[in-house]
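Subject: Structure handover

Hello,

Here is the structure you asked to look at. My notes follow below it.

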Amino acid sequence: MTKTFRVRMLPARQGDCLWIEYGDPQYPHRLLIDGGTPETINALQDRICQLPVDDRRFELLVITHIDSDHIGGTLALANLNLPGLVFGDIWFNGWRHLPGSGFEEFGPVQGEVLTSWLDAPGRPWNERFDRKTVYVPDEGLLPFKDLPGGMRITLLSPSKKELSNLRPKWEQECRKAGIDPAKPPPPLQPPPPGFEGMGVVNIDALAESHFKQDTSEANGSSIALLAEFDGRRILLAGDAYSPVLLKNIQRQAAVEGQERLRLDAFKLPHHGSKANLSKELLEKVECPRYLFSTDGTQFKHPDHEAVARVIKSGGPHPELLFNYHSEYNKLWDNTQWMGQYGYSVSYSDEHQKGLLVDL
């Protein structure tokens, strides 16, 4: 029997919501990486409710970080209390997990609301990390965890430095929202709005454009994962910093005795932002498929520079996969460019149910 390993990028507007299945095609194990924007709950709920009540188990839920386009749909899901929905473990770094914070209970509104849900009796929270911080130490082997059914998850981000940098921002946003740091977090309720708040295209020039690194503290704290099953692997980068990913990709490649890290697919960081995807990072992976999760609204991702870097530095004949056929993405469906640069493109179906990628 051929084992399945597939990723569906659900329609999450400018965010991420990744539904992963692996193992027996009839009775697969499941992971959920982020919940997208609050509006994503419609697609996510529909997909969960298609499952029998006794088959609504996910081995792992990962909330990569506190930005609204990753956490919003997760909070909406928590409010639904869907029958039978179970998570074997939930990875999320709350205020208590930021270096120097101890166990005080305060932070940005959405992180605090999620904390209320995670603190419920019997709910697993970072269990595979002994309920402590999910992070990558500066030395030694990268942390990895084996899930039921044979899935291995290797952590690539964040480091303690990035988590420490988030701490003052977390406190500042909490105080702006009127939350008293001395009091317990607020009860679970629908999340408020998030706080995250081209002319002629020259692919060669865009690919060689100067890389200016992302400096968002929330993005720096993002959990990034290497998911491996049955000899296949995908890098799920959240909104992680490019230098952090580069460093830890090099560490993992060295352990494997390789110059570059072999991948079957790469869900690109920060929806294809030019500030999170460097040429140097792309040159350290060997990968045929690159996933973009965004419709281009609000932040107009993916940036032209990032896509051009993939086309020029993503290896021979890279395939660009988009979960929306939006005005920001359809630009790359250009026969002349594809012939000249040797890449191909795929988009979500016309019903916008997300893009399914079989690894």
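What follows covers strands, salt bridges and aromatic contacts.

This is a predicted model: local features need pLDDT of at least 70, side-chain atom pairs count only at pLDDT 80 or more, and totals for chains, interfaces and linings use all residues. Residues are numbered from 1 along each chain as its sequence is written, and side-chain values use heavy atoms, with hydrogens and water left out.

Strands

Start with strand E15, residues 289-292. Helices (H or I, at least four residues) and strands (E, at least two) are DSSP runs, numbered from the N terminus. Arg289 and Leu291 point one way from E15. Tyr290 and Phe292 point the other way. All are buried, meaning under 20% relative accessible area; exposed is over 50% and partly exposed lies in between (1.4 Å probe, protein chains only).

E15 has parallel partners in E13 and E16. Strands pair if DSSP finds at least two bridges between them. Strand E13 (residues 265-267) is joined to E15 by 2 bridges, with Lys267 standing opposite Leu291. Strand E16 (residues 319-322) is joined to E15 by 4 bridges. There, Phe292 stands opposite Phe322.

E15, helix H9 (residues 304-313) and E16 make a right-handed β-α-β unit. Right-handed here means that, with the strands pointing away from the viewer, the path from the first strand over the helix to the second runs clockwise.

Salt bridges

The count comes to 19 salt bridges. The rule is a side-chain nitrogen of Lys or Arg within 4 Å of a carboxyl oxygen of Asp or Glu.

Lys312 is in helix H9 and Asp204 in helix H5 (residues 203-207), 108 residues apart. Lys312 is partly exposed at 35% relative accessibility. Asp204 is partly exposed too, at 32%.

Lys279 pairs with Glu208, the closest N and O atoms being 3.4 Å apart. Lys279 sits in helix H8 (residues 279-282) and Glu208 in the loop between H5 and helix H6 (217-220), 71 residues apart. Lys279 is partly exposed, at 26%.

Asp264 and Arg262 meet in a salt bridge at 3.2 Å, N to O. Asp264 is buried at 16%, whereas Arg262 is partly exposed at 34%. Salt bridges with shared partners also join Arg6, Glu21, Arg30 and Asp55 into one network.

Aromatic contacts

There are 10 aromatic pairs. Rings of Phe, Tyr and Trp (its six-membered ring) pair if their centres lie within 6.5 Å; planes under 30 degrees apart count as stacked, over 60 as edge-to-face and the rest as tilted.

Trp19 and Phe58 are edge-to-face, with 5.1 Å centre to centre and 80 degrees between the planes. Trp19 is in strand E2 (residues 18-23) and Phe58 in strand E4 (residues 57-58), 39 residues apart. Both are buried.

Phe266 and Tyr290 have centres 6.2 Å apart and planes at 45 degrees, so this pair is tilted. Phe266 lies in E13 and Tyr290 in E15, so the pair ties together parts 24 residues apart in sequence. Both residues are buried.

Trp19 and Phe58 also belong to one aromatic cluster with Phe87 and Trp117. Arg47 lies over the face of Trp19, at 5.6 Å from the ring centre. Lys145 lies over the face of Phe129, at 4.7 Å. The criterion is NZ of Lys or CZ of Arg within 6 Å of the ring centre and within 35 degrees of the ring normal.

Best regards
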